[in-house]
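Student: I have a structure open and would like to learn how to read its features one by one. Where do we start?

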There are 2 protein chains.
Amino acid sequence: MPVLVMKFGGTSVANIDRIRRAAKRVGLEVAKGYDVIVIVSAMSGKTNELVGWVNEISPLHDAREYDAVVSAGENVTAGLMALTLQEMDIPARSWQGWQVPLKTNSAHSAARIESIPTDNINGRFAQGMRVAVVAGFQGISPEGRITTLGRGGSDTTAVAFAAAFDAERCDIYTDVDGVYTTDPRITSKARKLDKIAFEEMLELASLGAKVLQTRSVELAMRYNVKLRVLSSFEEPSDEAGTLVCAEEEIMESKVVSGIAYSRDEAKMTLISVADRPGIAAAIFGPLSEAGVNVDMIIQNIAEEGRTDMTFSCPTDQVLRAEKALREAKERGDINYHDLVADTNVAKVSAVGIGMRSQSGVAAKMFKTLSDEGINIKVIATSEIKISVLIDRKYMELAVQALHDAFELDKAA
Amino acid sequence: MPVLVMKFGGTSVANIDRIRRAAKRVGLEVAKGYDVIVIVSAMSGKTNELVGWVNEISPLHDAREYDAVVSAGENVTAGLMALTLQEMDIPARSWQGWQVPLKTNSAHSAARIESIPTDNINGRFAQGMRVAVVAGFQGISPEGRITTLGRGGSDTTAVAFAAAFDAERCDIYTDVDGVYTTDPRITSKARKLDKIAFEEMLELASLGAKVLQTRSVELAMRYNVKLRVLSSFEEPSDEAGTLVCAEEEIMESKVVSGIAYSRDEAKMTLISVADRPGIAAAIFGPLSEAGVNVDMIIQNIAEEGRTDMTFSCPTDQVLRAEKALREAKERGDINYHDLVADTNVAKVSAVGIGMRSQSGVAAKMFKTLSDEGINIKVIATSEIKISVLIDRKYMELAVQALHDAFELDKAA
């Protein structure tokens, strides 16, 4: 029988009623003839409670013990889901990560999946079991200790199972009903996308769209796993949600698929840096070591051996960045006159695989912002994305204007 | 280094502060030179929450999934305790049941321990680890599924580890400071015992003293594990608590060590049963199959082929007992005129290994009750115990009078 993977996030299994509702959805797919692998998160709030205890005891904790503690929430949900399915007369059983076993490396709290043997679960499917409920987010290290995959890791667990079992699709049930052209709180014209390409979803995820963990999208892209994001609070339907799939499966697509934004960006400028070969490495090496996630970088034209260097990073990393650069200056590794941090900026991005084949997207974006009187402070582009830093007070206006300019309220 | 086992119950690890307090006690023993195995229960209330969810979903649940769910609480405490010890610079790590592995049979929810390999943990002790924190109450079946040992099973886990690792002692930390001559709520003259023999503790445990799980005492007796029951809320001291040990280690002991009682006993009488060989089996077979725990049994002298048969059982099993006997009558297996249940009774017992060598204890007990005008309804005796059923309203009076008569307020 074909295999379907269904993943339920914390809000979808927050209490017994919701677990029952999720189990009914599983029942619908079983009735269609699928063997189903259900991946569950912890009941919402439970993981935070466990993490809170660990941090209260030991802020700099042993990651192995952290993993042993925080994996408990998913184990509970897995057992409860299996019991609920059994109560509906659907043959089901639960697996904890080590029972599968989902093997990972030893990078505790951020482990990477190494293999998922399928014999055990497939053997049970062959004997008539219809649903394997697997605790998400967790695995076992070569040393036999429990590992976890990092927050949101249950998405990655689900995609990895879909790849290992060659599943027809991986349905991610969450509390939003799909991926939108932009945040509906910013413009009521935001429209749910029926389909989106892996690459676009990856850009959106890394731009702060919290629908899917970035790693799960990477994994889905690598193994070509069809991902569907949908809400467990809507009525079941074949058209529900957004399908994240390979570009080739999207017949008609717009040049721009979505507008993303981030409020938490800061712009930092090193004024009058002594320019010389290797200066970029001398600046960004220490920032990287200090754990600063530098996003955009621009360098102005050098005059008389000096240049201005501007970059953006998350607002909460500004102090860390300033410290790292000051220390580099004190060591004599770099030389600059001043360091200016501007935390009143926001990043707005247009994302679309259509940009690859169509020119003029950047020009249209810049003209739209200019027409609204919005000044662009920094520009960065990739193959399928254009991002700009602007004054934060214009952020909503910019998103609305770009959404209109690229006609995202209309279907392709 | 000598090994000590320390077990902390749910109230002793109810929150982070209490876990810290428990960890300090562990630290004191480590400082004395012990390698310590700590067995932890779930934080108080957690197991009940998990059991509640399981029962809400499925009253007649799959015991394998029940075990997978309810074992989660101990795993959390084990990790938190290991982190707390590490924070105190004590080398420690946690083990879940399947990691040891604590091997059990497949009797889910009431599994029996089959073996505890010591290589793994002893290897870590040899490398400098000082504390192994083990999640209590759980193990792994031959099929690789999680099992649990039944409520209170962490006591049994602790004793089994003490036996397997040849520990010097097994300290059971709980919310009472030891074993008393009787319930201090009934008489202020109740006195904490410094020592009590395994056999006496077994009788007291099965009579409803909730200090220790009966199975853990049986196991301690079989492997001669010295058990100490003490409170985690008292100041540490070598004299704290009550030592449960072999009879030989108790130099002076009274004839009677303690007075136990149970309010939850019912007396049932089958009136005018047709007496014939095998009639007892015909009555008590169906009761056993129905899960009725019959305690005392008396049969009056038969007259003209008929007899009265009286037995006691827990009050909440009366309906089940009546149903089983009615059905046996309908099948024609037994024949009686009437069935009378008296739920206004209580059981009072005197327990002491000294009874073996000293006569007159029963006579003294009966006279004491008679002097107080208390009528005895049923009597049952074992080698080291005399139990009587009396009217419930006289229960406190009987306990007080017997406590005085056997001078239990005075040390041996």
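Tutor: We start with contacts: two residues are in contact if their C-beta atoms, placed from the backbone, lie within 7 Å. Keep in mind that this is a predicted model.

Student: Which residues does B:Ala324 touch, not counting residues up to four places away in sequence?

Tutor: By that rule B:Ala324 is in contact with B:Pro286, B:Leu287, B:Ala290 and B:Val292. B:Ala324 itself sits in helix 10 of chain B, which covers residues 318-330. One of the contacts can be given as a C-alpha distance: B:Ala290 is 34 residues away along the chain, yet the two C-alpha atoms are 6.5 Å apart.

Student: Is B:Ala324 buried or exposed?

Tutor: The cut-off for buried is 20 or more other C-beta atoms within 10 Å. B:Ala324 has 21 within that distance, so this residue is buried.

Student: Next, the two chains. How should I read the relation between two copies?

Tutor: Two copies of a chain are related by a rotation about an axis and a shift along it. Here chain B is superposed on chain A by a rotation of 179° with a shift of 0.1 Å along the axis, at an RMSD of 0.4 Å. The copies are therefore related as by a two-fold rotation axis.

Student: Which residue of chain B comes closest to the rotation axis?

Tutor: That is B:Ala72, with its C-alpha at 2.9 Å from the axis.

Student: How is one chain divided into domains?

Tutor: Chain A has domain 1, residues 3-175, and domain 2, residues 259-405. The centres of these two domains of chain A, taken over C-alpha atoms, are 39 Å apart.

Student: Now the sheets. What should I look for?

Tutor: In chain B, eight strands make an open sheet with mixed pairing, in the order 3-6-2-1-9-11-12-10. Strand 3 (92-95) and strand 10 (195-197) of chain B are the edge strands, each pairing on one side only. From one strand to the next, the twist averages 20°.

Student: How does strand 10 of chain B pair with strand 12 of chain B?

Tutor: The two strands run parallel and are joined by three bridges, strand 12 of chain B being residues 242-245. B:Ala197 stands opposite B:Cys245 of strand 12.

Student: Which helix lies across strand 1 of chain B?

Tutor: Helix 6 of chain B, residues 153-164, does, running at about 180° to strand 1 (3-8).

Student: What does antiparallel pairing look like in chain A?

Tutor: Strand 13 (258-274) and strand 15 (306-314) of chain A pair in the antiparallel sense over eight bridges. Within strand 15 of chain A, A:Pro314 stands opposite A:Glu265. Strand 14 (297-299) of chain A also pairs with strand 15 in the antiparallel sense, over three bridges. A:Ile297 has A:Phe311 of strand 15 as its bridge partner.

Student: Last, the backbone. Which angles deserve a check?

Tutor: Most residues other than glycine have a negative phi, and most peptide bonds are trans. In chain A, the peptide bond from A:Val100 to A:Pro101 is cis, with omega near -15°. A:Pro101 is in the loop between strand 3 and strand 4 of chain A. In chain B, the bond from B:Val100 to B:Pro101 is cis, also with omega near -15°.

Student: Where is A:Asp89 found, and what is its phi?

Tutor: A:Asp89 is in the loop between helix 4 and strand 3 of chain A. Its phi is near 65°, a positive value. A:Asp89 has 8 C-beta neighbours inside 10 Å and so counts as exposed.

Technical notes:
Residues are numbered from 1 along each chain as its sequence is written. Chains are lettered from A and ligands numbered from 1 in the order in which they are written. This is a predicted model: local features need pLDDT of at least 70, side-chain atom pairs count only at pLDDT 80 or more; totals for chains, interfaces and linings use all residues. Helices (H or I, at least four residues) and strands (E, at least two) are DSSP runs, numbered from the N terminus. A residue is buried if 20 or more other C-beta atoms lie within 10 Å of its own, exposed if 12 or fewer, and partly exposed in between; C-beta atoms are placed from the backbone. Domain bounds come from an automatic or database domain assignment. Copies are superposed by least squares on the C-alpha atoms of residues with pLDDT of at least 70 in both. Two strands pair if DSSP finds at least two bridges between them. Axes are lines fitted to C-alpha atoms, for helices over the stretch in contact, and angles run from 0 to 180 degrees between N-to-C directions.
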